[in-house]
Amino acid sequence: MDSTSWSILILAAFALAFLGTAARALACRESRCTRALGITLFLLVVVLLVVVTAPIATGRFDPTALPVWVTKGLGSFLGLSAAAAAFAYLAALVRNEEGV
């Protein structure tokens with residue numbers, strides 16, 4: 001597999017993980033599930049940073065070699081899915097604080 005295929009696979013996997021976390025946050029009705037969601041979001045962000053920056057820092061991967069639709073399009077989708085997960089997590093926190 002070339003770098004474009006790997007990038008698409010990694011971006012799609014993380015986007016699905018963030019969207020899955022958002023779906024779980026929307027279904028969360030107890031305070032103990034918000035703790036697990038917070039830990040999940042934190043680990044997803046840390047792993048994503050390591051997966052993206054380690055190959056670039058070591059020189060094994062050149063992000064300028066990727067097509068624009070991968071970096072801009074799928075990168076934007078990943079950012080939006082991470083934002084959706086963060087907002088859903090915050091909504092779950094507010095819901096649990098208010099006792100709704």
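In which hand does α1 pass α3 in their crossing? I looked this up in a predicted model, where local features need pLDDT of at least 70, side-chain atom pairs count only at pLDDT 80 or more, and totals for chains, interfaces and linings use all residues. Residues are numbered from 1 along each chain as its sequence is written, and side-chain values use heavy atoms, without hydrogens and water.

**Entry 1: α1 and α3.** I found that α1 passes α3 in a left-handed crossing (the near helix is turned anticlockwise from the far one by less than a right angle). By class, their contact has 20 nonpolar, 5 polar and 1 charged residues. Nonpolar covers Ala, Val, Leu, Ile, Met, Phe, Trp, Tyr, Cys and Pro; charged covers Asp, Glu, Lys and Arg; the others, Gly among them, are polar. Helices are DSSP runs (H or I, at least four residues), numbered from the N terminus.

Entry 2: V70, L78, S81, A85, A88, Y89, A92 and R95 are buried in α3 (under 20% relative accessible area, 1.4 Å probe, protein chains only). These buried residues pack against α1 (3-27) and α2.

**Entry 3: α2 and α3.** I listed S31, T34, L37, G38, L41 and L48 of α2 as meeting L78, A85, A86, Y89, A92, L93 and N96 of α3 (contact is heavy atoms within 4.5 Å). The crossing of α2 and α3 is left-handed.

Conventions:
Helices (H or I, at least four residues) and strands (E, at least two) are DSSP runs, numbered from the N terminus. Buried means under 20% relative accessible area, exposed over 50%, partly exposed in between (1.4 Å probe, protein chains only).
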